[in-house]
2 protein chains.
Amino acid sequence: MTSNASPRRDARRNHERLLVEARLLFAERGVDAPLDELATRAGVGPGTVYRHFANRDALIRELYDTGVADLHDLAPEILGAETGWRSIELYLERLAEWLIGSPYVPAVMRRMAVIDPSYKPGAEFADAIAGMVARAQAEGSLRTDVTAVDLSVLVDMLGSLGQYGGAYLPFWRRQLTIVLDGLRARPDNTPVPGDGQAFDEFHDMSHAKGPRPAATQASPHPSGE
Amino acid sequence: MTSNASPRRDARRNHERLLVEARLLFAERGVDAPLDELATRAGVGPGTVYRHFANRDALIRELYDTGVADLHDLAPEILGAETGWRSIELYLERLAEWLIGSPYVPAVMRRMAVIDPSYKPGAEFADAIAGMVARAQAEGSLRTDVTAVDLSVLVDMLGSLGQYGGAYLPFWRRQLTIVLDGLRARPDNTPVPGDGQAFDEFHDMSHAKGPRPAATQASPHPSGE
DNA sequence: GATGAAACGGAGCCGACTCTCCGAATCCTA
DNA sequence: TAGGATTCGGAGAGTCGGCTCCGTTTCATC
C-alpha cells in the first residue's frame with residue numbers, strides 16, 4: 001500500500017509472469033533455484049527480477065501470501081457443507097487437491113519459517129477447523145479420538161504426494177478414500193494412541209525449518225556393503 | 001570389492017563420520033548443502049571429503065546403498081509375521097518409522113534418479129510385497145480394492161512426516177492408526193476409485209525427479225492481495 | 001507525435017562453493 | 001622404534017549464482 005498509482009502495464013505483466021514461473025521453478029528445483037533462470041524462463045532480464053522482488057525472500061513471501069489467499073477462497077465451501085461429515089470430506093479433498101496442484105507450497109512454507117518465524121497469517125483458520133471437527137463428531141460420523149490437528153496432518157500427508165509429480169495425479173484419491181474410511185466413527189476402530197497436539201504446534205510443525213537431526217543415527221551398514 | 005586390504009583405521013573412521021554427518025546435513029539442508037560444511041561437521045578438512053567420495057554424486061550413491069541395505073534388514077520380520085494382517089501392520093509401521101528416522105532418504109532417492117535412472121536395487125522387493133498383500137486379502141483382513149502400490153504410497157505419505165522434524169516424532173502413530181483402520185476389510189467401505197498402478201511405476205514415482213510443472217497454474221490472486 | 005517518467009536488459013562485481021594439490025601428520029609393519 | 005606408505009589439512013584456482021548500475025527502451029500523457 002505504498003502509492004495507489006497503477007504500475008505500468010508491462011510491469012504488471014512481468015510481475016505476474018515472474019510469480020507464475022517462480023511457482024514452476026521452485027516446485028521443480030526447490031526454493032534455492034537460481035533467480036537468473038527465473039528471469040530466463042519469464043523472458044525478462046535478471047535486473048527485472050530484482051526490480052520486482054528485492055531479493056529471494058521477498059519473492060517467497062509474496063508466493064506465500066497468494067497461497068494463503070487461495071485458502072481463504074476454499075474456506076466457504078468447506079465450512080458451509082450440509083453435514084459435518086461432508087465438511088470433513090471436503091476439507092481433506094479440497095486442501096489435498098490444492099496442495100498437490102501447488103507443489104511449491106511446502107518448500108515455501110518451510111522457508112518462510114526461516115525468513116520470518118513470527119509471520120503467521122492463516123492462524124484464524126484454527127477455530128474454524130476445530131469447529132468443523134466438533135460438529136462432525138457431535139453428529140456421530142467422525143471418530144471422536146481424532147483432533148483438528150490430526151486432520152491437518154493427514155492433509156499434509158496427502159499433499160506430499162504432489163512431490164511425486166504429474167504422473168501420480170490420477171491416483172491420490174485412492175489414498176484419500178482409505179484415509180476417509182479410517183476416519184469414520186466405528187465401534188471396532190483401533191483407538192488412536194497418545195494425545196493430540198495443540199493447533200499452535202501445528203503451525204510450527206508444518207512450517208518446520210527442516211528435519212531435526214537427532215533422529216538420524218548411523219545406518220547399521222558401515223560402508224562398502 | 002576392489003582390494004581386500006583394510007584401509008587405515010583413521011580412514012575408516014573418517015568415512016563413517018562423513019556418512020553420518022552427511023545424513024544429518026542432507027536432512028537439514030537438502031542434498032545440495034555445501035560439502036565444505038560437511039567437512040567441518042565431520043571434523044576433517046575439505047580434501048578428505050573428496051578423498052572418500054569423488055564428488056557429491058558418489059556420496060549420494062553410497063547413502064542410497066546403505067538405505068537399501070536397511071530395508072533388507074527389515075524384510076524378514078515383516079514378511080515372516082504370523083498373519084497376513086500383522087504383516088501389513090508391520091510393513092506400514094516399520095517402514096514409516098524408518099523413513100521418519102531417515103529424513104535424508106526422500107531427497108537422496110530423488111537425486112539418485114537424476115544421477116543414474118537405471119540404478120534400481122530393491123526392485124526385488126516388489127514380488128514380496130505383492131505376495132504379502134495377496135495373503136492378507138485372501139485371509140479376509142485387508143480390503144480387496146487396494147494394491148501393493150497403494151500400500152507403498154501410504155508408507156511414503158507417513159514417512160513424509162519426517163519432514164516435520166523431531167517435534168512430530170511422538171505423533172505419527174496417530175495417523176498410522178487411522179490409515180490401518182481405513183485398510184481393514186469392511187462391508188461398508190467406500191470403494192477405492194480408479195485402477196491401481198503397476199509396481200514399476202512406483203519406483204519412478206517415489207524417485208520422481210521433482211514435481212512436474214504442468215499442475216501449477218497461476219494462483220487466482222494476481223499480486224498485491 | 002513529443003516529452004518525461006518508469007521499467008527493462010545485461011555486463012560485471014562480489015561472495016560462495018567445488019575440487020585439486022602437495023607438504024605435514026598419522027598409521028602399520030617389522 | 002624406524003621406515004614407508006597412506007591419509008590428512010587447508011590454501012587456492014576456477015566456476016557459478018546473487019545482485020547492482022546505468023544506458024536504452026517502453027509506456028502514459030498532452
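Student: What makes up the surface near DNA strand C: how many nonpolar, polar and charged residues?

Tutor: Eight nonpolar, six polar and eight charged. Here Ala, Val, Leu, Ile, Met, Phe, Trp, Tyr, Cys and Pro count as nonpolar, Asp, Glu, Lys and Arg as charged, and the others, Gly among them, as polar. Bear in mind that this is a predicted model, where local features need pLDDT of at least 70, side-chain atom pairs need 80 or more, and totals for chains, interfaces and linings use all residues. Residues are numbered from 1 along each chain as its sequence is written, and chains are lettered from A and ligands numbered from 1 in the order written.

Student: How do you know that chains A and B are related by a two-fold axis?

Tutor: A rotation of 180 degrees with 0.0 Å of shift along its axis puts chain A on chain B, RMSD 0.1 Å, by least squares on the C-alpha atoms of residues with pLDDT of at least 70 in both. That is the two-fold relation.

Student: What makes residues of the two chains count as in contact?

Tutor: Their C-beta atoms, placed from the backbone, lie within 7 Å. By that test, 72 residues of chain A are in contact with 71 of chain B, and H9(A) gives the largest share of chain A's side, ten residues.

Notes: Helix = DSSP H or I, 4+ residues; strand = E, 2+ residues; numbered from the N terminus.
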